[in-house]
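Open the model in your viewer and get ready to select residues. We will go stop by stop.

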Amino acid sequence: MPAHDETTHSIPLKRGDYAPVRPGDLRSPCPAINALANHGYLPRDGRNVRASEVLAGMNHYGLGSFLGSVFTHPIFLEKPQKDANAKSSWWSVIANPFAFAFAAFGMREAGQKDANGVACLNLDQLALHNVVEHDVSLTRLDYAQGDNITPQPDLIEELLASSSNGTTMTIDDFVRLRRQRYEKQKADNPKLDFQGMQVQIACTEIALILKVFGNGKEVPTDYVKAFFQDGRMPRDEGWSKRRWWTLGLVELNMFASKIKGILGPGERGIPIVNVVH
């Protein structure tokens with residue numbers, strides 16, 4: 001595994017130590033990935049990130065190995081080539097059915113590898129629109145609005161203010177905010193695209209926040225602030241990852257489906273046609 005560059009900071013940093021993003025560092029639209037880089041579990045400059053590093057990073061959130069693999073390996077597939085011929089496509093299915101099944105999530109450029117010949121990504125490549133990144137983010141602008149990577153201070157303030165009691169955020173708080181964001185973006189973004197898979201990913205994001213940092217019902221607002229505003233794991237506020245069991249795919253999917261049901265048809269501003277696919 002490549003050594004992480006910790007020498008450009010004014011004080012020595014160990015892996016796990018938090019340091020905010022520096023000018024020139026690359027980051028993604030995903031706060032969980034960004035926090036891993038800010039803590040040195042991924043290269044702090046956001047460049048030449050390996051799948052093995054991301055997969056190991058998932059463990060720091062208490063995710064199970066299979067769920068971590070589901071989140072990690074597909075994005076390290078090469079982006080689908082529009083000019084690929086049918087023959088090569090069929091051979092790809094036979095040679096690597098996993099790659100075929102998850103090809104739509106590939107973000108790596110063809111042949112992209114680090115100096116040691118290992119497949120890698122730069123974190124800003126995760127901003128590829130409508131792969132994992134999507135419109136109606138809770139803290140970022142839509143793709144058509146320009147910068148879909150940088151957290152927006154006004155949106156973070158809106159996120160924190162959406163807590164009903166000022167101390168925790170519940171499922172209902174997150175769902176209500178997502179509805180408000182959708183209505184706002186409908187008015188502000190004529191090219192808004194938020195349907196099907198994008199809605200599912202958005203619900204999974206809420207599920208992860210509540211399951212990783214909370215008890216499945218609510219999450220402390222100061223944890224949310226640390227994660228979204230500072231880009232760090234809220235350890236200073238008292239958080240630690242699960243001790244007795246990891247978060248698995250089945251548990252996460254069931255909870256995301258519950259959230260989608262609360263958000264879903266007839267009770268939100270999102271048209272049914274944009275959810276049921």
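Predicted model: local features only at pLDDT ≥ 70, side-chain atom pairs only at ≥ 80, totals over all residues.

**Stop 1: the cavity.** Select Ile33, Val49, Val54, Ile75, Phe76, Leu121, Leu123 and Leu126. These residues line the largest cavity. About 30 Å³ of space lies inside this cavity. What classes of residue make up the lining? Eight are nonpolar, with no polar and no charged residues.

Stop 2: The structure holds five aromatic pairs. Select tyrosine 182 and phenylalanine 194. Their ring centres are 6.1 Å apart and their planes meet at 40°, so the pair is tilted. Now colour by helix. Tyrosine 182 is in helix 7 (residues 171-188), while phenylalanine 194 is in the loop between helix 7 and helix 8 (197-213), so the pair ties together parts twelve residues apart in sequence. Are these residues buried or exposed? Tyrosine 182 is buried, at 4% relative accessible area. Phenylalanine 194 is buried too, at 3%.

**Stop 3: an edge-to-face pair.** Select phenylalanine 213 and tryptophan 239. The ring centres lie 5.1 Å apart with planes at 65°, so this pair is edge-to-face. It links distant parts of the chain, 26 residues apart: phenylalanine 213 sits in helix 8, and tryptophan 239 in the loop between helix 9 (221-230) and helix 10 (249-263). Phenylalanine 213 is buried, with a relative accessible area of 6%. Tryptophan 239 is buried, also with 6%.

**Stop 4: the cluster.** Together they form one aromatic cluster.

**Stop 5: a charge over a ring.** Select lysine 211 and phenylalanine 255. Lysine 211 lies over the face of phenylalanine 255, 5.0 Å from the ring centre.

How values were computed. Residues numbered from 1 in each chain as written. Heavy atoms only, no water. 1 Å grid on protein atoms, 1.4 Å probe; cavity = no way out; pocket = protein on both sides within 12 Å on 5 of 7 lines; lining within 4 Å. Points joined across faces, edges and corners; volume = space filled by probe spheres on them. Nonpolar A, V, L, I, M, F, W, Y, C, P; charged D, E, K, R; others polar. Phe/Tyr/Trp six-rings, centres within 6.5 Å; stacked < 30°, edge-to-face > 60°. Helix = DSSP H or I, 4+ residues; strand = E, 2+ residues; numbered from the N terminus. Buried < 20%, exposed > 50% of the residue type's maximum accessible area, 1.4 Å probe, protein only. Lys NZ or Arg CZ within 6 Å of the ring centre and 35° of its normal.
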